[in-house]
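User: Could you take me through this structure? I would like to start with the helices and then turn to the aromatic rings.

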Amino acid sequence: MLNASSTYHRHGRWPPALAVLAACVLALPGPARASELFVRGAGFGHGVGMSQEGALGYAEHGWSYDAILAHYFTGTAIGQAPAGGRVRVLIGKRVKSIDLETYVRGVVAAEMPSSWPLAALEAQAVASRTYALTAHAGGSRFDVYADTRSQVYRGPAAYTPQSDAAVAATAGQIVTYGGQPAITYFFASSGGRTENVEDAFLGALPEPWLRGVDDPFDQGPLHDWHVAISFHSATVRLRGRLRGAFRGIEVLRRGSSPRILTAAVLGSRGRTIISGAELASRLGLFDTWAYFSVSRGPGTTPSTTLGPTTAPVGAAPAPVSPPSSTVGGSGGSEGPAGSPQGAGGATAPS
């Protein structure tokens, strides 16, 4: 199983580090009190596979669940799960074997608000069902965690009439590529474009259905965001990866989207190379889709060494016509390019 960070979903509680960071979200520009690192970014989660906020947008624009899945998982089709399938779920310290359809009932409304359109809930049901059959998070012991390390399972507490209807309407359906079940990662918000799996997860090999695609209807609350981090706080968070006094961040390489693959932490005694995932984790960023600038003293002066100071986010999407409901191949037009761009189910390997 490849190693990847959690995927976060829209209506759940933010992890503690992000909840703290949320209090620091600022509307830029503004007066700086001291040296600060300004970050402008986009999206929330690992960026691979289906954006839940994007699925909402496509559903609101008339797309069917199979067309939504075909958009996010390139070249896939809808197939059937093996009869009598069961899922081994690690709940606390115990592994529980649960009927596949019963398991999916306990996941959909835990991962996506049940008030969302039926097509979005149906897409979530098929993605969650497929992920449960392909994740193998615990090797031979269990298949999935019951939390964002895999996808959130809440059992009967998650049952709602709307989500149950989505599960029933798609009963037994899974995403396949070349006739085989295809792992279906998903996450909260893409910021306008998803990412290639090999550019997001350490050690992952390229997969033809997990390619970055434009996501013009992703318009959730974290579609774009701004954060200010004091140099002191950055120094504390980057301890062990900083040489001397903190000076800034230099982005070295980005993925197929603008998500950061590698960067350099700039210190007064040199620079340290760091992965985009570790940088985002240490700084508490919502996503690796981030651009940096530095302020010093009472005014804000963009750094001339850190690249663009703003991410190309927030542009209104151009109209995209719903494709036919036929799944396979591209599943219809992907629509115009969105913002250029950082588990499974809900975690990555949500």
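Analyst: Please note that this is a predicted model. The axes of helix 2 (residues 52–60) and helix 5 (residues 118–134) come within 8 Å and cross at roughly 140°.

User: Which residues make the contact?

Analyst: Helix 2 contributes Gln 52, Ala 55, Leu 56 and Ala 59, while helix 5 contributes Ala 119, Ala 120 and Gln 124. Sorted by class, five of these residues are nonpolar, two are polar and none is charged.

User: Now the rings. How many aromatic pairs are there?

Analyst: The count comes to 11 aromatic pairs. One of them joins Phe 142 and Tyr 145, with centres 5.0 Å apart and planes at 70°, so this pair is edge-to-face. Phe 142 and Tyr 145 are both buried.

User: What about Tyr 177 and Trp 209?

Analyst: Their pair is tilted, with 5.5 Å from centre to centre and 35° between the planes. Tyr 177 belongs to strand 7 (residues 173–177) and Trp 209 to the loop between helix 7 (197–200) and strand 10 (225–230), so the pair ties together parts that are 32 residues apart in sequence.

User: Is Trp 209 buried or exposed?

Analyst: Trp 209 is buried, as its relative accessible area is 10%. Tyr 177 is partly exposed, at 31%.

User: Which residues form an aromatic cluster?

Analyst: Tyr 58, Trp 63, Tyr 72 and Phe 217 form one aromatic cluster.

Conventions
Residues numbered from 1 in each chain as written. Predicted model: local features only at pLDDT ≥ 70, side-chain atom pairs only at ≥ 80, totals over all residues. Heavy atoms only, no water. Axes fitted to C-alpha atoms, helices over the stretch in contact; angles between N-to-C directions. Helix = DSSP H or I, 4+ residues; strand = E, 2+ residues; numbered from the N terminus. Contact = heavy atoms within 4.5 Å. Nonpolar A, V, L, I, M, F, W, Y, C, P; charged D, E, K, R; others polar. Phe/Tyr/Trp six-rings, centres within 6.5 Å; stacked < 30°, edge-to-face > 60°. Buried < 20%, exposed > 50% of the residue type's maximum accessible area, 1.4 Å probe, protein only.
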